Amino acid sequence: MALLPILKYPDPRLHTVAKPVEQVDDRIRTLVADMAETMYAAPGIGLAATQVDVHERVIVIDISEESDDLLVLINPEIYWRSDEREEFEEGCLSVPGTYEKVERAAEIKVRALNEQGEPFEFHADGLLAVCVQHEIDHLDGKVFVEHLSLLKQNRIVTRLRKQQREARRAAEKQKLAV
Ligand code: NI
């Protein structure tokens, strides 16, 4: 297993639309294991392959309190959404330090393949519904802040660019000191 680097918004690679997985084989299972390790280490409750620069439709989620209930979604599809919508404060491993309210369908029905390539379906509400919709957005090249007003998006981009610049500068300084 390996920790994978997570792309940070506004990296343009986060806007890539992921392709369906054609065959659930050992290559995909290794990707799933690496993504799970990366998500738990972050720590986070969901990670889409897009965020680790792999543009195939694979998601890992674990919203359990003990982080011991991994949900693997391959080629996930939302085939039903409730009319009722709910607002939730979301964050994202690709947008560090940013938490904003996003409105999404309150309940969804999802079909996907598991790690063995077997189809399964489930109904989700609450945090799980939020998480699945957030991660599928990633596979479609969409980061959660793109649900916000342009003004808010611009503020977030400015702040993150500044942070990334400062982090780069600090790293360079450290190099000079050695
Ligand atoms: Ni995210």
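Leaving aside neighbours within four places in sequence, glutamine 153 is in contact with Tyr9, Val145, Glu146 and Leu148, where contact means heavy atoms within 4.5 Å. Glutamine 153 is found in helix 3, which covers residues 150-177, helices (H or I, at least four residues) and strands (E, at least two) being DSSP runs numbered from the N terminus. At 12% relative accessibility, glutamine 153 counts as buried; buried means under 20% relative accessible area, exposed means over 50%, and partly exposed lies in between, with a 1.4 Å probe and protein chains only.

The model is a predicted one, in which local features need pLDDT of at least 70 and side-chain atom pairs count only at pLDDT 80 or more, while totals for chains, interfaces and linings use all residues. Residues are numbered from 1 along each chain as its sequence is written, and side-chain values use heavy atoms, with hydrogens and water left out.

The protein chain as a whole has three helices and seven strands, and read along the sequence these follow the pattern α-β-β-β-β-β-β-β-α-α. For 178 residues, a compact globule would have a radius of gyration near 16 Å, and the 17 Å of the protein chain agrees with this; the radius is taken over C-alpha atoms, and the globule rule is 2.2 Å times the number of residues to the power 0.38. Along its principal axes, the C-alpha trace of the protein chain spans about 55 × 40 × 30 Å. Buried residues make up 44% of the 178 residues, and of the contacts in the protein chain with a separation of 6 or more, 67% are between residues 24 or more positions apart. The accessible surface of the protein chain comes to about 10100 Å², of which 49% belongs to carbon and sulfur atoms; such areas come from the Shrake-Rupley method with a 1.4 Å probe, and for residues only the protein chains shown count as cover.

We turn next to the metal site. The nickel ion is coordinated by Cys92 through SG, and by His134 and His138 through NE2, at 2.1 to 2.3 Å. Donors are N, O and S atoms within 2.8 Å of the metal (3.2 Å for Na, K and Ca), and the site may look incomplete because water is not among the atoms. Along the chain, the donors of the nickel ion follow the spacing C-x41-H-x3-H. Histidine 134 and histidine 138 both lie in helix 2, four residues apart, which is about one turn of the helix, and both histidine 134 and histidine 138 are buried.

Glutamine 51 has its place in the loop between strand 1 and strand 2, and with a relative accessible area of 1% glutamine 51 is buried.

The structure holds twelve salt bridges, each defined as a side-chain nitrogen of Lys or Arg within 4 Å of a carboxyl oxygen of Asp or Glu. One of them joins aspartate 53 to arginine 13, the closest N and O atoms being 3.3 Å apart. Because aspartate 53 lies in the loop between strand 1 (46-48) and strand 2 (58-61), and arginine 13 in the segment before helix 1 (26-41), the pair ties together parts that are 40 residues apart in sequence. Aspartate 53 is partly exposed, at 33% relative accessible area, and arginine 13 is also partly exposed, at 40%.

Another salt bridge links arginine 57 with aspartate 140, with 2.7 Å between the closest N and O atoms. Arginine 57 lies in the loop between strand 1 and strand 2, and aspartate 140 in the loop between helix 2 and helix 3, so this pair ties together parts that are 83 residues apart in sequence. Arginine 57 counts as buried at 12% relative accessibility, whereas aspartate 140 is partly exposed at 39%.

On the surface, Ile45, Ile63 and Leu127 form a nonpolar patch with about 220 Å² of accessible area together. Patches are made of residues with over 30% relative accessible area and no salt bridge, like charges being joined within 9 Å and nonpolar side chains (Val, Leu, Ile, Met, Phe, Trp, Tyr) within 5 Å. Leucine 127 belongs to helix 2, residues 126-139, and is partly exposed, with a relative accessible area of 36%.
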